[in-house]
Amino acid sequence: MKLEMKDSPGQLVAALKPISDVGGNIIAVIHQREPDSDTDTLDVQIVLELPEGRLEKLKLLLQEQGVHIQRIGEERLLYTQTVIMIGHLMHTDLSDTVGQIDSTGFAEVSELSMCMPAINERSSSRITIKSVTREDMAAALAILRRVALQKSLLLVEPLEDIA
Amino acid sequence: MMRVALIGMGSVGRGVAETLYKKDLGILITGLADSRSGCMDSQGIDIPAVLSAKKNGSPCGSPDISAADVIKKAEYDVLIEVTPTNALTGEPAIGYIKTALAQKKHVVTSNKGPIALACKELRTMAQKNHVALRYEATVAGAIPIMHTLEHGLAGNEILGLFGVLNGTCNYILTRMAAEGLTYEQALLEAREMGYAEADPTYDVQGIDAAIKLVILANTIWDNGMTLNNVDRTGIDLLTADALRLAEEDGCTIRLIAEAIPRKNILRVSPRIISKNHPLVVEGTLNALTLETDLAKEITLIGRGAGSVETASAIIGDLLFIRDRYVKRS
């Protein structure tokens with residue numbers, strides 16, 4: 001997000017504190033002072049990770065600090081998992097397979113690499129899926145598992161973190 | 001001197017006999033049988049003579065004496081049952097073990113069939129007769145997983161386990177990843193190296209790993225799981241391309257056996273796994289990660305098969321029994 005705040009001591013800290021207050025994780029702070037700027041405000045860009053549903057609270061807290069939010073660019077999908085699928089991927093309608101994930105609204109296929117050695121031979125693909133939450137990822141994998149079973153494809157899932 | 005009867009003179013049986021003979025452990029073999037013959041001697045059997053007879057393809061004893069005879073009539077404290085695994089019926093090993101337990105003899109086995117199929121019944125029978133039934137060698141060869149669970153991690157709640165439990169599959173996957181071999185080429189190589197059977201089904205379709213998973217689950221949680229409860233996928237449909245695609249991501253593929261009771265997971269399947277993961281071991285090695293409440297994660301790595309390696313697990317069980325039971329009586 002891009003913030004505009006008063007150019008006075010302590011303002012940056014005041015703007016950052018609400019982020020940790022709502023459980024956010026600051027990834028980068030980009031702060032560039034325009035040399036010929038004659039305004040008394042400062043533009044700061046902050047890249048952060050925020051748990052689902054905390055954004056409104058953060059906006060409110062920032063406003064209370066007198067910080068103006070210029071822009072919020074949101075990357076909605078936080079969880080990434082990669083699976084490998086093996087089988088007759090084209091003959092079993094690959095776009096339908098991908099579509100079954102994309103049409104959920106909570107998960108999508110973000111990358112696909114494929115090897116097709118020869119016609120009539122089984123192909124192998126690596127599919128990266130992104131989702132909003134961990135539960136959504138589990139649901140997306142369950143869909144893929146069902147599709148793989150229906151289409152006689154071998155689905156190789158990642159070994160999740162031991163948790 | 002603790003006396004043992006050894007049933008089964010395949011690679012494991014020979015490894016046990018040889019090690020007991022070479023190492024002065026205070027264990028005397030007084031009964032011995034292979035599939036065709038048997039012998040008994042309360043003063044101790046001449047092991048070098050038996051081993052050289054086996055080497056020449058001769059039976060180990062008299063064809064008039066069967067394994068059942070040895071179990072019933074020999075003078076011994078512990079039965080060592082190391083006949084080949086029958087995954088369908090567990091026989092004749094289940095019968096052998098029951099006969100010994102009923103005679104109040106301790107039993108040590110490397111045979112997966114009886115433990116996977118009749119764990120509860122055999123354990124109850126052992127308890128009733130106040131004898132030990134131990135089977136360290138059934139899972140992950142030389143890795144002391146049962147001792148670790150029973151002693152080192154006593155007091156821990158085991159929350160889940162993840163294992164590379166089949167050396168044949170691990171060898172094939174290692175070779176496919178390292179050399180870009182196809183599944184068929186790697187299998188052929190595994191056969192030439194003596195790591196795969198002529199009929200590899202039992203290994204490559206994950207049945208062997210699933211049986212070991214069932215044994216572990218029943219040992220840890222006593223949850224009555226059987227082979228049918230395992231969600232099982234083998235490695236035989238994997239492609240060299242799939243391994244390469246995993247590699248491009250800093251990962252590889254391994255056949256992982258997984259049990260997490262709280263999530264109702266009991267599964268053997270090929271999985272994408274980071275190459276830095278402690279379970280990624282090379283060649284025929286086995287590995288097991290336990291997740292516990294106190295110790296958190298513990299990983300054990302070691303040889304999963306081999307004559308002397310498996311004998312190591314059996315002898316660990318024998319010495320445990322000697323210290324716990326036989327010495328005192």
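Contact here means heavy atoms within 4.5 Å. With that cut-off, the buried residues of helix α6 (residues 145-152) of chain B pack against β6 (133-134), β7 (158-164), α10 (207-221), β11 (285-292), β12 (296-303) and α12 (307-326) of chain B. Keep in mind that this is a predicted model.

- On α6(B), the buried residues are I145(B), M146(B), H147(B), T148(B) and L149(B).
- Over on helix α11 (residues 240-247) of chain B, the buried set is D241(B), A242(B), L243(B), L245(B) and A246(B).
- What do the buried residues of α11(B) pack against? They meet β5 (79-87), β6 (107-115) and β7 (123-131) of chain A, along with α7 and β9 (251-260) of chain B.

**Helix α1 against helix α2 in chain B**

- Helix α1 (residues 11-22) and helix α2 (residues 47-55) of chain B have axes that come within 10 Å and cross at roughly 150 degrees.
- Angles over 145 degrees count as roughly antiparallel, and α1(B) and α2(B) are therefore roughly antiparallel to each other.
- The crossing of α1(B) with α2(B) is left-handed.
- On the α1(B) side, the contact uses R14(B), A17(B), E18(B) and Y21(B), while α2(B) brings in I47(B), P48(B), L51(B) and K54(B).
- As background for reading such a list, an α-helix has 3.6 residues a turn, so residues three or four places apart point the same way.

**Helix α7 against helix α8 in chain B**

- α7(B) and α8(B) have their axes 9 Å apart and pack at an angle of about 125 degrees.
- That makes α7(B) and α8(B) oblique to each other, and their crossing is right-handed.
- From α7(B), the residues Y171(B), I172(B), R175(B) and M176(B) meet Y183(B), A186(B), L187(B), E189(B) and A190(B) in α8(B).

**Rings and charges**

- How many aromatic pairs turn up over all chains? The count is 1.
- That pair is Y171(B) with Y195(B), an edge-to-face arrangement at 4.9 Å centre to centre with 65 degrees between the planes.
- Y171(B) belongs to helix α7 (residues 167-179) of chain B and Y195(B) to the loop between α8 (183-192) and α9 (201-204) of chain B, so the pair ties together parts that are 24 residues apart in sequence.
- Y171(B) counts as buried, at 9% relative accessibility, whereas Y195(B) counts as partly exposed, at 32%.
- There are charge-over-ring contacts too: the charged end of K105(B) sits over the ring of Y76(B), 5.0 Å from its centre.
- R134(B) lies over the face of F320(B), with 3.8 Å to the ring centre.

- For reference, most residues other than glycine have a negative phi, and most peptide bonds are trans.
- E91(B) and P92(B) are joined by a cis peptide bond, with omega at about 0 degrees.
- P92(B) is in the loop between β4 (78-81) and α4 (93-102) of chain B.
- K104(B), which is not a glycine, has a positive phi of about 60 degrees, and K104(B) lies in the loop between α4 and β5 (106-109) of chain B.
- A140(B) also has a positive phi, near 60 degrees, and is found in the loop between β6 and α6 of chain B.
- Is A140(B) buried or exposed? A140(B) counts as buried, at 1% relative accessibility.

Terms used: Residues numbered from 1 in each chain as written. Chains lettered and ligands numbered in written order. Predicted model: local features only at pLDDT ≥ 70, side-chain atom pairs only at ≥ 80, totals over all residues. Heavy atoms only, no water. Phe/Tyr/Trp six-rings, centres within 6.5 Å; stacked < 30°, edge-to-face > 60°. Helix = DSSP H or I, 4+ residues; strand = E, 2+ residues; numbered from the N terminus. Buried < 20%, exposed > 50% of the residue type's maximum accessible area, 1.4 Å probe, protein only. Lys NZ or Arg CZ within 6 Å of the ring centre and 35° of its normal. Axes fitted to C-alpha atoms, helices over the stretch in contact; angles between N-to-C directions. Parallel < 35°, antiparallel > 145°, perpendicular 65-115°, else oblique. Left-handed = near helix turned anticlockwise from the far one by under 90°.
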